[in-house]
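Please consider the model shown below.

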Amino acid sequence: MTISGLKLCGLIEALQLTNDSLENIYGFFKFFTKVSKIDGYIKIEHNKKLENIRFLKGISYVGSSFYLHHNNLKSLNGLEDLIEVNASLSLSSNQIKDLEPLYNLKKVNGMLGLAYNLLISLRGIDNLVEISVTKWGNEYRSIAIQGNKNLKDISSLQNIISNTKHCII
């Protein structure tokens, strides 16, 4: 299944894509070059055939949470312009090997979750300097890293400060 069209779309409050058959998304390619901000959330989840998010190229700000969960994403190409997420950013259960496309990300006003991917290092989030402590379930967290069995290097976290002066991993 492919999503195309949406040429006349001028505003998106939030974006949620969930479909086991979804393989490609072409409909937003030009949208985010004109509109670089979404005031609400982005949830791209349970798209087992979706391998890329290049259609998000141009997005710089997400006004709420940004979740990429349970897809078949191999790369984060398309997020090169992302600067700020105004709530949690969670990348879980994909095939992501690196975070290089997140090199412009400066602020996550919530938790950063990196779980069950193929990450070797966290290189790419070196410019992330601000993160928040968030209640996630019954626990307070600012960074959650788990299930990345190949992860060897987390030195890219060295520049992060929390709004509470605490960083809970």
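**Strands, core and backbone**

In this predicted model, strand 5 and strand 7 run parallel and are paired over four bridges. Within this pairing, E45 has H69 of strand 7 as its bridge partner. Strand 5 is also joined to strand 2, again in the parallel sense, here through three bridges. In that pairing L17 lies opposite I44 of strand 5.

The largest nonpolar core comprises 39 residues, and F66, L79 and L99 have the most contacts inside it. At least two residues of this core come from each of strand 2 (15-17), strand 5 (42-45), strand 7 (66-69), strand 9 (89-92) and strand 11 (112-115). In soluble globular proteins, nonpolar side chains tend to be buried together.

Which residues does L79 touch, leaving aside those up to four places away in sequence? The contacts of L79 are I53, L56, I59, F66, L68, P101 and L102.

The backbone deserves attention at two loop positions. Most residues other than glycine have a negative phi. S93, however, is a residue other than glycine with a positive phi, near 60°. S93 is located in the loop that links strand 9 with strand 10 (107-108). Y116, likewise not a glycine, has a positive phi of about 55°. Y116 belongs to the loop between strand 11 and strand 12 (130-131). Is Y116 buried, partly exposed or exposed? The relative accessible area of Y116 is 45%, so this residue is classed as partly exposed, a category that lies between under 20% for buried and over 50% for exposed.

How values were computed. Residues are numbered from 1 along each chain as its sequence is written. This is a predicted model: local features need pLDDT of at least 70, side-chain atom pairs count only at pLDDT 80 or more; totals for chains, interfaces and linings use all residues. Side-chain values use heavy atoms; hydrogens and water are left out. A nonpolar core is a set of buried Ala, Val, Leu, Ile, Met, Phe, Trp, Tyr and Cys residues joined through side-chain atoms within 4.5 Å. Buried means under 20% relative accessible area, exposed over 50%, partly exposed in between (1.4 Å probe, protein chains only). Contact means heavy atoms within 4.5 Å. Two strands pair if DSSP finds at least two bridges between them.
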